[in-house]
Amino acid sequence: MSTRIKRVNMAKPEYETSETVVFWDMDNCPLPNGYDPCLLAPRIDTELEDLGYDGPLMIVAAGNLYGIPNEFLRALSSTGVLIRHCIRGLYSMVIEYLDSRTSQSPMTLMLITTDSSLLDSVVCQIYKGVYVGYNLLLAHPPFYEIEDPHHRSLVYVGAEWLWTRYSLLKVSGFEEETRGLVDIGGFQKFSCESCHVDSFRNFADFIEHCETSELHQALREREWEREKAEREKAEREREWEREKAEKAEKAEREKAEREREWEKAEKAEREKAEKAREEKAEVEKAEREKADEVEKVEREKAEREKAEKEKAEKEKANNLEIGDEGGESSFEQMNLKEFEEDSNEERKKQMMDLRKNFMEQMNVAEEE
Ligand SMILES: [Zn+2]
């Protein structure tokens, strides 16, 4: 937030003695807290004088006056500031004033407002030459920064201040005096723009009108209704927010609960699967052991059978050797011719079979 004084130029010669009209929008440019309303007019007066504006000066303070203490308005009025009650902003009042002005003599117009439509409108009319001879001065609070480039760059702006204690509202420390404010263009000291009434004899008359007239009563009641509706709306919104927060919290809780349930179910599932795996492993182990047992038994049986067979063969071979005792140990060495020439056919066949059998046995033994 900038607190610097913005563009400030000395008055051009044609504006040094011409009149200056200031419109202060009390609604959107309120005085800083605690700022003495009696200081406002002298402050603006001094600031303008320092820049060379020495002509007649009129300051109009306008806005919705509901809620503004009477003492504040009285103090303001006592310094020569004109008071205007208008509940829908300054736009129509300012435009009406400028439209009604027929003279094209030089004039300085100072606008203290953040009303963009008013600023745009004035700048456009000056740019288009509808309003002639105007020197524009501007002031606004620091939070109101007009986008750049803006319409106002189309026209010459004599000076621009921030509406702060450090800029236009700075307190000089010594007593500032006004040149004596004037009414320019038939402006009355007090006026009610809402009722189009400006024939008030004095401040008390004006305040009485604002506080008692039927229209103002109606407006005030409408204002109360509006405030009440806003309070109720705010209350409803708070209630709604609360319900929303509660719902969100409940949903969160339920979600967490569901997640816990899922985790529990998953864990049970995992344990079940683990148990099934263990059971299966046990069954497989038992089957493996059984198979090993069977294999072992079969192996032993085969070994036994083999051993028995070998034993039987050995005995058979031994028997053969015993039957051959006293002669040559092998049929090979027997004279084959003797067998073949044997006239006893019965014995010859027996011997030949025996020999054949022996040879086969020998062959089996060799293979092993
Ligand atoms: Zn009124």
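**A parallel sheet and a helix pair**

In this predicted model, seven strands form an open sheet. The strand order is β6-β5-β4-β1-β2-β3-β7, and the pairing is parallel. Two strands, β6 (157–162) and β7 (190–192), form the edges, each pairing on one side only. Neighbouring strands of the sheet are turned by 15° against each other on average, direction ignored.

Within this sheet, β1 (residues 20–25) pairs with β4 (residues 107–112). The pairing of β1 and β4 is parallel and runs over five bridges. In one of these pairings, V22 has M110 in β4 as its bridge partner.

V22 also belongs to the largest nonpolar core, which has 53 residues. The residues with the most contacts inside this core are V22, F23, W24, I59, A61 and V81. Residues up to four places away in sequence aside, V22 touches I44, M58, I59, V60, M110 and I112. Among these contacts of V22 is M110, its bridge partner in β4.

Helix packing was examined for α2 and α3. Two packed helices are described by the angle between their axes and the distance between the axes. The axes of α2 (residues 37–50) and α3 (residues 70–78) come within 7 Å and cross at roughly 30°. Angles under 35 degrees count as roughly parallel, so α2 is roughly parallel to α3. The crossing of α2 and α3 is right-handed. On the α2 side, P37, C38 and L40 take part in the contact. They meet F72, A75, L76 and S78 in α3.

Methods: Residues numbered from 1 in each chain as written. Predicted model: local features only at pLDDT ≥ 70, side-chain atom pairs only at ≥ 80, totals over all residues. Pairing = 2+ DSSP bridges. Helix = DSSP H or I, 4+ residues; strand = E, 2+ residues; numbered from the N terminus. Axes fitted to C-alpha atoms, helices over the stretch in contact; angles between N-to-C directions. Core = buried A, V, L, I, M, F, W, Y, C linked by C-beta atoms within 7 Å. Buried ≥ 20, exposed ≤ 12 C-beta atoms within 10 Å, placed from the backbone. Contact = placed C-beta atoms within 7 Å. Parallel < 35°, antiparallel > 145°, perpendicular 65-115°, else oblique. Left-handed = near helix turned anticlockwise from the far one by under 90°.
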